[in-house]
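Open your viewer and get your selection tool ready.

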Amino acid sequence: MFKVNENYAKLPGSYLFATINRKVKEYQAAHPEERIIRLGIGDVTQPLAPVIVDAMKKAADEMGRAETFQGYPDYEGYAFLREAIVAGDYLARGVQIGIDEIFVNDGAKCDSADLGDIFSLKNKIAVCDPVYPVYVDSNALVGRSGDWLKDKGCWSNLVYMPCTAENGFAPEFPEETPDVIYLCFPNNPTGATVTKDRLQEWVDYARKVGALIIFDAAYEAYISEENVPHSIYECEGAKECAIEMRSFSKNAGFTGVRLGFTVVPRDLKLDGVSLNQIWLKHQEIKFNGVSYVVQKAGAAVYTPEGRAQTQAQVNYYMNNAKVIRQGLSDAGYTVSGGVNAPYIWLKTPEGMTSWDFFDKLLETAHVVGTPGSGFGPHGEGYLRLTAFGSYENTVEAIERIKNM
């Protein structure tokens with residue numbers, strides 16, 4: 001008789017954002033007269049930039065002509081997009097990355113989960129706490145996380161690196177030596193960043209203990225401060241110990257288009273085995289690439305017009321972040337984030353859990369946030385708000401919260 005993967009049954013509940021969607025739908029069904037403002041899930045609201053739309057239209061026309069039609073794409077992604085990525089994201093910052101080290105995907109979430117395929121189940125995994133749930137849940141699904149400890153709200157085999165107000169929501173080196181370390185800066189959900197010197201210390205630590213860093217730079221376009229690195233490869237030796245993930249979802253509004261990429265350097269080896277070639281094998285077996293139309297849209301992001309138009313959208317969202325941060329601070333809330341990231345990390349009122357405050361916001365202000373406990377045990381007592389709504393909705397949401 002067939003058997004299912006028992007690790008699915010160990011998960012404590014539905015995926016965080018699926019749970020939020022269900023709760024909001026239930027409330028909306030019971031209160032159809034209420035207009036709910038969503039500042040919970042980090043989904044963009046501004047339309048695609050004109051130059052991107054034009055590139056998609058042109059590419060679609062090319063697919064309709066025999067002489068320009070494209071079938072299966074390269075597993076790594078079309079060369080024209082990888083060349084644009086190398087020039088625009090790396091060479092422009094003095095970082096040497098080859099196009100054969102770039103692997104185009106349909107969004108960073110997939111590779112966030114799939115990278116675990118190439119690691120031994122015996123590897124000890126370290127994650128920031130709180131953290132983007134996919135890192136944790138994907139390791140749990142293959143049994144690498146151990147058992148769910150309900151009384152502690154964490155997994156038995158994971159190494160949690162607390163990110164608290166006391167350490168500026170940036171992790172310290174773990175007491176237990178890990179094999180794989182997930183780092184996300186600017187951080188989701190707290191919006192925290194680290195300086196280049198501090199990130200260099202993480203690279204040095206990883207090389208010393210023989211660990212691999214999986215670095216999520218999905219929000220690098222939102223960095224505004226000078227000494228905050230946009231890529232881990234700005235650090236010396238990082239190509240020997242780090243994989244980097246990027247996304248077009250937040251910098252160019254591709255949440256509904258789906259495009260991202262992962263960098264696996266050729267210098268990244270384990271016992272003489274190239275992780276670059278292992279990841280290429282993985283993609284050849286499990287992935288058939290991203291459509292020509294979408295990759296053409298991605299290349300348009302790196303044109304001068306694309307740079308200007310997408311930067312204008314980033315500025316729009318960061319202005320929303322300023323409105324949220326300032327408005328909540330004026331109302332007496334303790335907030336962080338919103339400077340180098342489109343997320344504001346809000347401390348819940350005294351005595352309220354993160355889900356309690358989520359319910360109060362929904363029922364009283366009709367505003368949706370994301371409970372901090374969904375990002376890990378040290379997220380309890382906090383709530384995440386996103387700046388990805390419209391400006392008008394953002395202003396109204398903050399006024400509603402201030403008037404609760």
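Helices (H or I, at least four residues) and strands (E, at least two) are DSSP runs, numbered from the N terminus. The model is predicted, so local features need pLDDT of at least 70 and side-chain atom pairs count only at pLDDT 80 or more, while totals for chains, interfaces and linings use all residues. Residues are numbered from 1 along each chain as its sequence is written, and side-chain values use heavy atoms, with hydrogens and water left out.

**Stop 1**

Select Met1, Phe2 and Val4, which make a nonpolar surface patch of about 490 Å². Such patches are made of residues with over 30% relative accessible area and no salt bridge; nonpolar side chains (Val, Leu, Ile, Met, Phe, Trp, Tyr) are joined within 5 Å, and like charges within 9 Å. The areas come from the Shrake-Rupley method with a 1.4 Å probe, and for residues only the protein chains shown count as cover. Phe2 sits in the segment before helix H1 (7-10). Its relative accessibility is 72%, so Phe2 counts as exposed. Here exposed means over 50% relative accessible area, buried means under 20%, and partly exposed is in between (1.4 Å probe, protein chains only).

**Stop 2: helix H3**

Now select residues 50-63, helix H3. Which residues of H3 are buried? Colour Val51, Ile52, Ala55, Ala59 and Glu62. Looking down the axis of H3, you will find the buried residues within an arc of 100 degrees, so they line one face of the helix. The arc is that of the directions from the helix axis to the C-beta atoms. On the other side of H3, Pro50 and Lys57 are exposed. The buried residues of H3 pack against helix H9 (292-300) and helix H10 (304-330).

Stay in H3 for Met63, which counts as partly exposed because its relative accessibility is 28%. Leaving aside neighbours within four places in sequence, Met63 is in contact (heavy atoms within 4.5 Å) with Phe69, Gln70, Tyr292 and Val293.

**Stop 3: helix H8**

Next, select residues 275-286, helix H8. Its 12 residues reach 16 Å from first C-alpha to last, close to the 16 Å expected at 1.5 Å a residue. Leu275, Asn276, Trp279, Leu280, His282 and Gln283 are buried in H8. They cover an arc of only 160 degrees around the axis, which puts them on the same side of H8. Turn to the other side of H8 to find Lys281 and Ile285 exposed. The packing partners of the buried residues of H8 include strand E2 (102-105), helix H5 (108-114) and strand E9 (242-247).

**Stop 4: salt bridges**

How many salt bridges does a search of the whole structure find? There are 17, each with a side-chain nitrogen of Lys or Arg within 4 Å of a carboxyl oxygen of Asp or Glu.

Pick Glu220 and Arg246, whose side chains meet in a salt bridge (3.5 Å, N to O). This pair links distant parts of the chain: Glu220 is in the loop between E8 and E9 and Arg246 in strand E9, 26 residues apart. Glu220 counts as buried at 12% relative accessibility, and Arg246 is buried with a relative accessible area of 3%.

For another pair, select Lys402 and Glu399, with the closest N and O atoms 3.6 Å apart in their salt bridge. Because they are three residues apart in helix H12 (residues 391-402), about one helical turn separates Lys402 and Glu399.

**Stop 5: backbone details**

Check omega between Asp129 and Pro130, where a cis peptide bond has a value of about 10 degrees. Pro130 is in the loop between strand E3 (125-129) and helix H6 (133-141). A cis peptide bond also joins Phe185 and Pro186, with omega about -10 degrees.

Finish at His366, in the loop between helix H11 (354-365) and strand E15 (367-368). Phi of His366 is near 60 degrees, a positive value in a residue other than glycine. With 12% relative accessibility, His366 counts as buried.

Notes. The expected span of a helix is 1.5 Å times one less than its number of residues.
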